[in-house]
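Let's take a walk through this model together. Please have the sequence and the viewer open as you read.

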Amino acid sequence: HVRGMDVRTFIFEALDRQNPWWRGLGLPVVKPRARDALPGLLRWFGEPAARRGRLLLGPRQVGKSELLRQVTAALLKGGWEARNLTYFDLGDARIDGRVARPFGAEVLNHALDHAISGAAPGQPVALLLDEIHHVPGWSTWLKSAIDEDGSSASPRLRILATDSAASVLRQGGIESGPGRW
């Protein structure tokens with residue numbers, strides 16, 4: 001329990017706060033200059049056979065979070081259903097210390113369940129995970145989520161996660177992911 005509520009409810013409230021487009025409250029605020037990786041990521045999101053996740057690595061403060069906001073805004077402008085696009089900032093102080101570290105991959109399971117259960121059927125579902133290293137066991141979870149979706153009759157999940165290269169290398173997270181992200 002987190003401040004008197006179960007973890008699932010806490011995660012759902014955080015997701016609702018971080019995804020205002022679900023309630024018709026507009027697009028994320030983005031900088032006018034698009035990041036160089038944006039066109040390639042948008043092409044990947046549009047590929048029906050994209051069965052792998054993407055992990056964006058880079059030093060702190062180079063614009064990884066901004067790129068996620070730009071992807072979100074571009075997908076929404078391009079006609080994606082708002083409810084099929086879930087952004088989750090795992091570095092949010094309200095999430096990190098109280099939920100992500102103690103509950104680990106359970107946090108990601110709740111976010112994925114919420115993303116899929118609220119999505120329009122028959123369309124891709126995007127899960128954008130910012131600062132994924134805040135969740136212990138994230139690399140195993142990511143591998144499992146991608147494998148499970150890829151083995152279904154109609155895979156539809158696109159997972160894009162960000163992290164700093166230093167934290168991923170420090171934790172050895174790259175090792176379990178070759179071929180999946």
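We begin with the overall fold, move on to one helix and its aromatic residues, and end at a pocket.

A word on the ground rules: this is a predicted model, in which local features need pLDDT of at least 70 and side-chain atom pairs count only at pLDDT 80 or more, while totals for chains, interfaces and linings use all residues. Residues are numbered from 1 along each chain as its sequence is written, and side-chain values use heavy atoms, leaving out hydrogens and water.

The chain has seven helices and four strands, taken as DSSP runs (H or I of at least four residues for helices, E of at least two for strands) and numbered from the N terminus. Along the sequence they follow the pattern α-α-β-α-β-α-α-β-α-β-α. Of the 181 residues, 46% count as buried; buried means under 20% relative accessible area, exposed over 50%, and partly exposed in between, with a 1.4 Å probe and protein chains only.

Now turn to helix 2, where L38, L41, W44 and F45 are buried. Viewed down the helix axis, these buried residues fall within an arc of 125°, so they line one face; the arc is that of the directions from the axis to the C-beta atoms. Why might such spacing put residues on one side? An α-helix has 3.6 residues a turn, so residues three or four places apart point the same way. On the other side of helix 2, R43 and G46 are exposed. The cover over the buried residues includes strand 1 (54-58), helix 3, strand 3 (125-130) and strand 4 (157-164).

Which aromatic residues form a cluster? W44, F45 and W80 do. Rings of Phe, Tyr and Trp (its six-membered ring) pair if their centres lie within 6.5 Å, with planes under 30 degrees apart counted as stacked, over 60 as edge-to-face and the rest as tilted. The whole structure holds two aromatic pairs.

Finally, residues including K31, R35, R60 and E131 line the largest pocket, an open set of points on a 1 Å grid over the protein atoms alone, with protein on both sides within 12 Å along at least five of seven lines, and lining residues having an atom within 4 Å of a point. The lining divides into one nonpolar, three polar and seven charged residues, where Ala, Val, Leu, Ile, Met, Phe, Trp, Tyr, Cys and Pro count as nonpolar, Asp, Glu, Lys and Arg as charged, and the others, Gly among them, as polar.

Technical notes: On a 1 Å grid over the protein atoms alone, a cavity is a set of points where a 1.4 Å probe fits but cannot get out, and a pocket is an open set with protein on both sides within 12 Å along at least five of seven lines; lining residues have an atom within 4 Å of a point. Contact means heavy atoms within 4.5 Å.
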